[in-house]
Amino acid sequence: MDKLLEVTDLTKRYAQGSVLARIVLTAADHVTFYIKPAEIFTLAGESGCGKTTTAKVVLGFEEATSGTILHNGKPQGRKEKVWVTEGVQAIFQDPFSTFNPLRTVDSYFHETVQNYRLAGSKKEAIERIDQKLRLVGLSYAEFAGKYPNEFSGGQLQRISIARALVTDPKLIIADEPVSMVDASLRMSIVNLFKKLRDDLGVSILYITHDLATAYYVGDRIAIMFRGNIVEMGTVEQVLMNPRHPYSKLLRDSIPQADPTRRWTTTVSLAELEQEEYLRRGCRFAGRCPDAMEICRGVVPADLDVDGVLVKCHLYADGHSVHDPS
Amino acid sequence: MDAATPAKKKAIIRTDKLQAYYILDMQGTQKIVKAVNDVSLTIYENEIYGIAGESGCGKTTLLKALFNDFVPPMRLTGGSIFYLLDGDREVDVTGLSPDEMRQLRMEYISYIPQGSMSVFNPVLKLKETYEDFVGSHRKGQSREETFELARHQIEVLGLPANVLELYPHQLSGGMRQRVTIALASLLRPRVMIGDEPTTALDVVVQRGVIQMLTTIQKDMQNTIILVTHDMGVHANIADRIGIMYAGKIVEEGPTTQIFSEPLHPYTQFLINSLPKFGDKNVRGSVPGSPPSLADLPSGCPFHPRCPHVKDICRQQMPDFSHPDENHKVACWLIGEGNHG
């Protein structure tokens, strides 16, 4: 199978505290996934689940403790950082801190064009920039010479997407791209991702906690919990029929925009994030409604349940271990 | 049905043509930001009232005005705010002295802010902050009595009992927000105002916080006014919703009606743009971007973005028409000639 990006057993550990009272947290624990060309792959979970750590390592901002990252079959890591800027571009959460408030927005575009020698003349550069801006519903004429504070958050986020498109990337890594954008304008960003995938064949690693937009736009999804991928499959399989107890909890906790379907059950919340990270066995066992004796001592295997990866002891009978390819 | 019989209910907080403007002096020229522009609201006892709208529509300013907290450059430029004191005495609080207002805060009305990190003093244990907040309201009460009250309430709300002995940074975001809500409800206020209290939280934690808000409301039978741009949250807990656009309430009605038959084109956009599970049909967002409150368009402020715009929309702001008793909407498309 064609794989644009392949991440295998990616592990990232952080040490916390002083030399004497050191705690080692595994922020990403043997994370394995791949992204196909022209696919939107979602990495979802609550804050502190390791999704941003995974993105940082893939982008080369942090060095992995272990594991491999293959891009078009070639190994990548912090040493080969250059690849990041070539075929892979990133979009970040807060469009207002992406751009320096004292620089005009178009200077970023010209800088990108120059850095990669994408145009022979100023006229050619403007044509290229204008073409990318039109993809996101803006034009060069209405944005040249303006500063970031002259745009709304939604516009600025679309501008940062256009900026990422200047190098014609094949993969965009988007870390919480809509969480700072108003709900009423969120769909304009998400619809844009759809367009990029369908018309330009761009793949997107969509990192979010917003499962509703992940369902709307995504192809496959991985749910992360405290450093582990606990469930991975197509959005239909995972979100319409979640199997892992944590995926179920996450899915049920999204407030539905339907007053006839209010919550009827109650949830219990985690006391301390750190405790869950250091837990032996399944890290969700402390809050899991279906926890068994084995969950508190043994880490569950990645099982194959009807083609979906599920990391849970509940499915241990009659299911084989998931094949990562 | 709570929302269906407002006529029998008492208005706990009411505004009449409320105007709260920011008046900024920029190099000699005056700039006026009309953040709350002629808002007349009636909010009843024992209900959860949701206020929805985009960022920059004046939601937070409206809440500050309801809390009667005017800090320059924000000014009360017109209208009045009434609180229902002692169960039957309606008082215009814009005329109260700062001292009288301070007594009402926490006891009659309390405020739950969005960023709970800034509520607590980072170098004091939480119980010291409790002491600070409660001390001025319960003059004769000893520290031990205050802590006893706080501890009892913390237990009732299902929070860990040792939480009062901790410093703010030792709590997770969700726990801190729940302690903030516990503090806001400690003196059993008749009205609690929440400004995006769940926005910075994860979905599971958000659900826990909302759960706690509804428990408190059921127990105390008081009023919660909740501002959030997340329509899913409104659908889950609000009894009635007011939709705010460019400093005005443009539609108001019971939650079920707002979701099943939104009338204002803006409300329709808000509701229809929400993605739903099991439905992959293409959804659009509201076209254009919200207007600047310092430079409002003429007539109805939504007209530059409205797909059904008519000539009159550009000239005149419509008054409310009442499709039925509990539902009101300010749009020229609804209720011909009924705009007075």
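**Confidence**

I began with chain B, which averages a pLDDT of 87, with 95% of the residues at 70 or above; pLDDT is the predictor's confidence in each residue, from 0 to 100. I noted that pLDDT is below 50 over residues 1–6 of chain B, and that this stretch has 11 contacts in the model beyond near neighbours in sequence. Two residues are in contact here if their C-beta atoms, placed from the backbone, lie within 7 Å. For the complex I wrote down an ipTM of 0.81 and a pTM of 0.85, both from the predictor.

This is a predicted model, in which local features need pLDDT of at least 70 and side-chain atom pairs count only at pLDDT 80 or more, while totals for chains, interfaces and linings use all residues. Residues are numbered from 1 along each chain as its sequence is written, and chains are lettered from A and ligands numbered from 1 in the order in which they are written.

**Chain A overall**

I found 11 helices and 12 strands in chain A; helices (H or I, at least four residues) and strands (E, at least two) are DSSP runs, numbered from the N terminus. The C-alpha trace of chain A spans about 70 × 50 × 45 Å along its principal axes.

I counted 46% of the 325 residues of chain A as buried. Buried means that 20 or more other C-beta atoms lie within 10 Å of the residue's own, exposed means 12 or fewer, and partly exposed is in between, with C-beta atoms placed from the backbone. Of the chain A contacts between residues at least 6 apart in sequence, 63% join residues at least 24 apart.

**A sheet in chain B**

I traced an open sheet of 8 strands with mixed pairing, in the order β7-β8-β9-β4-β10-β11-β13-β12 of chain B. Its edge strands, β7 (109–112) and β12 (321–324) of chain B, each pair on one side only. Two strands pair if DSSP finds at least two bridges between them. On average, neighbouring strands of this sheet are turned by 20 degrees against each other, direction ignored.

Within the sheet I checked β10 (residues 240–245) and β11 (residues 248–254) of chain B, which pair in the antiparallel sense over 6 bridges. In β11(B), B:G253 is the bridge partner of B:I241. Helix α5 (residues 173–184) of chain B lies across β7 and β8 (191–195) of chain B and runs at about 170 degrees to β7(B). Axes are lines fitted to C-alpha atoms, for helices over the stretch in contact, and angles run from 0 to 180 degrees between N-to-C directions.

**Backbone exceptions**

Most residues other than glycine have a negative phi, and most peptide bonds are trans. I logged a cis peptide bond from B:P72 to B:P73, with omega near 10 degrees; B:P73 sits in the loop between α1 (59–66) and β5 (74–85) of chain B. A:D9, in strand β1 (residues 5–16) of chain A, has phi near 50 degrees. A:D9 counts as partly exposed because it has 14 C-beta neighbours inside 10 Å.

**Interface**

I found 37 residues from chain B and 36 residues from chain A in the contact. On the side of chain B that touches chain A, α6(B) gives the largest share, 6 residues.
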